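Keep the viewer open and follow along.

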Amino acid sequence: MNANQVLNQFLATGVQTCFHDRHISPQIYAGLNGSNWSLKDYEARGGYQALRKILGKDGSSPDPETGVAGMTQDQVIATVKESALRGRGGAGFPSGLKWSFMPRQFPGQKYLVCNSDEGEPGTCKDRDILMYNPHIVIEGMAIAAFAMGINVGYNYIHGEIFQVYERFEAALEEARAAGYLGNNILGSDYSFQLHAHHGFGAYICGEETALLESLEGKKGQPRFKPPFPASYGLYGKPTTINNTETFAAVPWIIRNGGQAYLECGKPNNGGTKIFSVSGDVERPGNYEIPLGTPFATLLELAGGVRKGRTLKAVIPGGSSSPVLPAHIMMECTMDYDSIAKAGSMLGSGALIVMDDTRCMVESLKRLSYFYMHESCGQCTPCREGTGWLFRLVERIHGGQGKAADMAVLDNVAESIMGRTICALGDAAAMPVRAMIKHFRPEFEHYIEHKTSLVKTAA
Amino acid sequence: MISEATRARFDREVAKYPPEQAQSAVMACLSIVQQEQGFVSTDAEREIAEYLGMAPMAVHEVTTFYNMYNQRPVGKFKLNVCTNLPCQLRDGQKALHYLEGKLGVHMGETTADGLFTLQQSECLGACADAPVMLVNDRHMCSFMSNDKLDQLIEGLKATPEAKDSK
Ligand SMILES: NC(=O)C1=CN([C@@H]2O[C@H](COP(=O)(O)OP(=O)(O)OC[C@H]3O[C@@H](n4cnc5c(N)ncnc54)[C@H](O)[C@@H]3O)[C@@H](O)[C@H]2O)C=CC1
Ligand SMILES: Cc1cc2nc3c(=O)[nH]c(=O)nc-3n(C[C@H](O)[C@H](O)[C@H](O)COP(=O)(O)O)c2cc1C
Ligand code: SF4
Ligand code: FES
């Protein structure tokens with residue numbers, strides 16, 4: 001065997017992570033099995049019908065009043081607004097509203113960008129979408145581009161998932177050959193060119209303006225916002241950026257209507273959401289469920305806490321979101337508003353589950369190392385502060401903590417929050433503050449006794 | 001020297017961007033060079049700079065900013081094991097330690113025979129597959145129990161590529 005053959009034996013098959021019957025009313029992952037990613041399979045699932053519909057190429061008769069077939073740009077945007085689709089990349093910004101910011105009449109180039117730089121620890125949903133259902137993203141982007149009068153788009157894919165990048169390029173070729181991308185799509189006067197671009201290992205490039213810098217061939221350091229990409233984006237041109245899952249939601253919305261999408265979630269939180277569940281559960285993986293589903297249901301889908309242990313805490317929205325102790329988490333439903341009310345964020349929808357054998361000092365140490373490592377170094381509070389945070393937690397974990405360290409930790413976190421160019425600074429500080437807030441005795445015990453309060457598992 | 005074949009791969013990347021924005025292809029060109037030569041040398045940076053019409057320093061800035069570019073030669077097989085928290089909860093750290101023991105190197109080091117470089121890495125975006133590792137930037141290996149790690153290392157040692165490099 002050559003090296004490729006050896007390595008291919010260990011390739012993920014998606015069996016455990018997304019091909020299971022444990023989704024609830026799935027839209028994006030529906031009907032996938034790993035071998036049906038290609039164009040003809042996607043079409044058999046009703047793929048590209050939404051694109052046909054907006055272009056008036058689905059065989060339906062033209063509007064009797066206007067004589068025009070298909071949908072107008074305004075109608076598409078209004079439908080997305082009605083659906084209450086919110087950005088799946090983490091901030092939960094209403095997508096229809098974002099699309100309406102795009103200066104459609106702006107003469108000259110405008111860009112559409114898909115953010116597939118999924119690197120938030122715990123998050124692995126976009127990878128499965130792109131690997132096993134790449135055309136849904138292509139169709140969603142083509143619809144978005146139509147609605148905003150954009151002719152060129154890029155999908156920026158996390159460098160570490162190179163096989164996904166290759167899969168996406170293969171899907172692009174298929175879509176071009178079938179006339180779903182390129183000039184005069186399906187014989188209409190609408191043209192859209194779409195390309196794939198890969199990163200090469202920098203978490204910060206998931207931040208939208210860092211991503212744009214990176215796409216321009218520079219190091220990925222975030223820009224000040226405002227101006228938002230809608231007015232100053234790629235190559236300085238108006239640009240709309242959405243997450244992979246956000247685009248993937250669009251074809252269903254166009255086919256079934258905004259109201260139907262809204263109804264499968266709850267008010268202000270339309271549709272289904274994919275949750276990546278990792279850590280101490282029996283079945284880690286991706287679960288697509290309606291927004292508003294109780295956390296307890298999701299935990300059950302993921303097989304419950306591993307080895308029948310007791311739930312201790314959950315980081316509900318990727319490592320940047322504040323940790324929630326079990327008793328609070330068990331009361332939550334999985335949607336933007338419920339998790340925000342509980343004092344955290346739905347974020348990217350990645351739940352890191354921890355059982356009662358986990359030491360929070362050790363967990364926080366690993367997270368703080370990550371933010372120190374990934375700070376781009378542009379802002380002093382973030383560059384210096386993330387290092388401080390890590391060294392303080394490391395010191396406590398090493399048995400060298402001092403009683404005053406708790407106050408210092410809080411103080412350093414406090415002085416990062418809101419004082420940086422991008423949200424990575426906050427993302428480093430928030431978990432620290434939440435850990436101290438909810439698990440203070442564990443830290444104090446470690447400082448006093450130089451050892452963990454928690455009996456760790458063998 | 002950049003060969004004709006490599007240049008053809010570069011051309012394909014550059015074609016994705018507006019003509020005056022060839023610089024956008026720099027990340028792809030660097031990764032192509034790394035795939036072909038094992039690392040990014042100063043010479044390669046200079047050639048890419050010339051090809052894309054950039055200052056060599058601007059290319060170097062890119063090489064040094066992103067974690068996956070090898071600024072020095074590495075072993076035939078670069079193993080990156082994720083140890084971030086979600087993976088740590090599912091034995092990511094243990095997989096790294098197991099490999100340290102098995103290969104007789106610490107993380108960050110290369111084995112004496114030049115076959116393996118072992119590194120710790122941050123989230124690979126495959127957290128549900130833990131323990132998970134990336135081999136030579138392009139192959140994700142999932143659910144790497146100790147048995148599978150043995151199989152992987154022995155398997156790679158027996159490949160023609162491994163024998164060639166001795
Ligand atoms: N998926 C992942 O791997 C990761 C996700 N995140 C998430 O990212 C979030 C932070 O992202 P940011 O982009 O900094 O949030 P943000 O709130 O600044 O922006 C959200 C989106 O809305 C747009 N927007 C907001 N206000 C606007 C306005 N007035 N005009 C025009 N456009 C406007 C922005 O351009 C952006 O696309 C965090 O909440 C975190 O959960 C963080 C790390 C990784
Ligand atoms: C440090 C940092 C990393 C981020 N990483 C990602 C990411 O990997 N994927 C993503 O879609 N959004 C990420 N975001 C959020 C983006 O900046 C942006 O809000 C998002 O792509 C917009 O798309 P949406 O409205 O569809 O969610 C990150 C933000 C920050 C501050
Ligand atoms: S907050 Fe940190 S990561 Fe963000 S721009 Fe500033 S230094 Fe860079
Ligand atoms: S935390 Fe290891 S792959 Fe995401």
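In the side chain of Lys225(A), an N or O atom lies 3.1 Å from an oxygen atom of ligand 1. That is a polar contact, meaning a pair of N or O atoms within 3.5 Å; within protein, one must be able to donate a hydrogen and the other to accept it, and residues adjacent in sequence count only if both atoms are side-chain atoms. Taken alone, ligand 1 exposes 860 Å², and the protein buries 72% of that. These accessible areas come from the Shrake-Rupley method with a 1.4 Å probe, where for residues only the protein chains shown count as cover.

Before going further, please note that this is a predicted model, in which local features need pLDDT of at least 70, side-chain atom pairs count only at pLDDT 80 or more, and totals for chains, interfaces and linings use all residues. Residues are numbered from 1 along each chain as its sequence is written, chains are lettered from A and ligands numbered from 1 in the order in which they are written, and side-chain values use heavy atoms, with hydrogens and water left out.

Back at ligand 1, a polar side-chain atom of Lys98(A) is 2.7 Å from one of the ligand's oxygen atoms. The backbone takes part too: a polar backbone atom of Gly90(A) lies 3.4 Å from an oxygen atom of ligand 1. In total, 17 residues surround ligand 1, and Gly89(A), Lys98(A), Glu120(A), Tyr203(A) and Glu208(A) are the closest; a residue counts here if one of its heavy atoms lies within 4 Å. The shell splits into 8 nonpolar, 5 polar and 4 charged residues.

What kind of space does ligand 1 take? It is the largest pocket. Ligand 3, by contrast, takes the second largest cavity. On a 1 Å grid over the protein atoms alone, a cavity is a set of points where a 1.4 Å probe fits but cannot get out, and a pocket is an open set with protein on both sides within 12 Å along at least five of seven lines. A molecule sits in either one if more than half of its atoms lie within 2 Å of its grid points. Around ligand 3 there are 13 residues, with Cys376(A), Gln378(A), Cys379(A), Cys382(A) and Cys422(A) the closest, and that shell holds 8 nonpolar, 5 polar and no charged residues.

Now look at Thr209(A), in helix H9 (residues 208-215) of chain A; helices (H or I, at least four residues) and strands (E, at least two) are DSSP runs numbered from the N terminus. Thr209(A) is buried because its relative accessibility is 2%, where buried means under 20%, exposed over 50%, and partly exposed in between (1.4 Å probe, protein chains only). Its side chain makes a polar contact of 2.6 Å with the side chain of Glu207(A), and also reaches the backbone nitrogen of Arg223(A) at 2.9 Å.

Finally, some backbone geometry. Most residues other than glycine have a negative phi, and most peptide bonds are trans. Pro226(A) and Pro227(A) are joined by a cis peptide bond with omega about 5°. In the loop between H9 and E4 of chain A, you will find Tyr235(A), whose phi is positive, near 50°.

Technical notes. On a 1 Å grid over the protein atoms alone, a cavity is a set of points where a 1.4 Å probe fits but cannot get out, and a pocket is an open set with protein on both sides within 12 Å along at least five of seven lines; lining residues have an atom within 4 Å of a point. Ala, Val, Leu, Ile, Met, Phe, Trp, Tyr, Cys and Pro count as nonpolar, Asp, Glu, Lys and Arg as charged, and the others, Gly among them, as polar.
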